[in-house]
Amino acid sequence: MALTVVSATANRHKLDEMRAVFGDAVELIARPTELAEVIEDADTFVGNARLKAQAVCAHTGQAALADDSGLEVDALDGDPGVQSAYYGGGDHNDAANRERLLSELRGVDGPQRTGRFRTVFVLAWPDGAEIVVQGTCEGRIGNKEIGSNGFGYDPLFHPDDGDGRSFGEMSSDEKNALSHRSQACVALLAAIASRS
Ligand code: IMP
């Protein structure tokens with residue numbers, strides 16, 4: 001029987017991507033519209049995902065699933081990390097975030113431009129039980145933006161398991177086959193299955 005959980009994200013792209021992997025195993029209910037935005041002030045992906053999952057869980061009395069994601073660049077000691085959405089100033093200003101990343105990496109050669117997208121999921125139940133899983137996608141940061149698909153850092157990120165194109169050049173199906181979020185969804189399904 002499907003596990004029913006309330007999603008802490010209202011992002012349509014993320015919901016579609018998660019539903020595609022979960023299939024019939026997990027029924028994702030949309031985030032209640034009246035629930036205020038949760039302030040994500042933890043300094044780890046797990047901490048921020050937990051804040052969001054627990055807020056939705058407390059509001060609905062149902063199991064809640066939250067994700068937190070970002071880009072970790074090795075030459076920048078893991079930055080932008082949890083600051084990925086705000087890296088260029090402002091809130092989710094993707095163009096400013098990419099511009100700052102390119103500027104911070106000026107002078108860093110191709111082989112050193114390694115990094116990864118990371119997604120952490122926290123699935124929280126009202127009784128305090130939780131599952132924490134993560135997914136990663138290794139890749140390289142390009143010298144310039146290529147492609148206009150996707151969002152965030154996609155035009156700058158070239159996954160190692162791809163064919164050299166950036167995420168920004170891929171269809172959503174192509175990206176989903178490789179993405180950190182899909183890997184995290186697969187890990188979550190395995191964790192749910194081993195729990196029951
Ligand atoms: P969120 O926690 O999933 O909202 O991600 C925080 C930030 O990380 C986003 O605003 C993006 O800048 C970046 N990010 C996360 N996932 C992706 C992705 O799949 N592609 C590009 N950027 C991403």
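Predicted model: local features only at pLDDT ≥ 70, side-chain atom pairs only at ≥ 80, totals over all residues.
1. **Helix 5.** This helix runs over residues 180–195, 16 residues in total. From first C-alpha to last it reaches 22 Å, close to the 22 Å expected at 1.5 Å a residue. Its buried residues are His180, Arg181, Ser182, Ala184, Cys185, Leu188, Ala191 and Ile192. An α-helix has 3.6 residues a turn, so residues three or four places apart point the same way. Ala184, Leu188 and Ile192 are among the buried positions of helix 5.

2. **Largest nonpolar core.** The core holds 18 residues. Met18, Phe22, Leu65, Phe121, Leu123, Ile131 and Leu188 touch the most other members. At least two residues each come from helix 1 (12–22), strand 2 (26–29), strand 4 (114–124), strand 5 (130–141) and helix 5. Helix 5 gives the most, with 5 residues. In soluble globular proteins, nonpolar side chains tend to be buried together.

3. **Leu65.** This is one of the core residues that touch the most other members. Setting aside neighbours within four places in sequence, Leu65 is in contact with Val5, Val6, Ser7, Ala8, Met18, Phe22, Leu28, Phe121, Val122, Leu123 and Leu188. Leu188, one of those partners, is a buried residue of helix 5.

4. **Second core.** A separate core has 16 residues. Leu76, Leu105, Phe117 and Leu156 are among them.

5. **Ligand site.** There are 16 residues around the ligand. Those that come nearest are Lys14, Ser69, Asp154, Lys175 and Arg181. A polar side-chain atom of Lys175 sits 2.7 Å from a ligand oxygen atom. For Arg181, an N or O atom in the side chain is 2.8 Å from an oxygen atom of the ligand. Tyr153 uses its backbone: an N or O atom there lies 3.2 Å from a ligand nitrogen atom. On its own the ligand has 470 Å² of accessible area, and the protein covers 94% of that.

6. **Asn143.** The loop in question lies between strand 5 and strand 6 (157–159). Not counting residues up to four places away in sequence, Asn143 touches Leu102 and Arg113. With Arg113 there is a side-chain polar contact of 3.4 Å. Leu105, a member of the second core, is 38 residues from Asn143 in sequence and 8.5 Å away, C-alpha to C-alpha.

Methods:
Residues numbered from 1 in each chain as written. Heavy atoms only, no water. Helix = DSSP H or I, 4+ residues; strand = E, 2+ residues; numbered from the N terminus. Expected span 1.5 Å × (residues − 1). Buried < 20%, exposed > 50% of the residue type's maximum accessible area, 1.4 Å probe, protein only. Core = buried A, V, L, I, M, F, W, Y, C linked by side-chain atoms within 4.5 Å. Contact = heavy atoms within 4.5 Å. Near = heavy atom within 4 Å. Polar contact = N/O pair within 3.5 Å; in protein donor to acceptor, adjacent residues only side chain to side chain. Areas by Shrake-Rupley, 256 points an atom, 1.4 Å probe, with all protein chains shown as cover.
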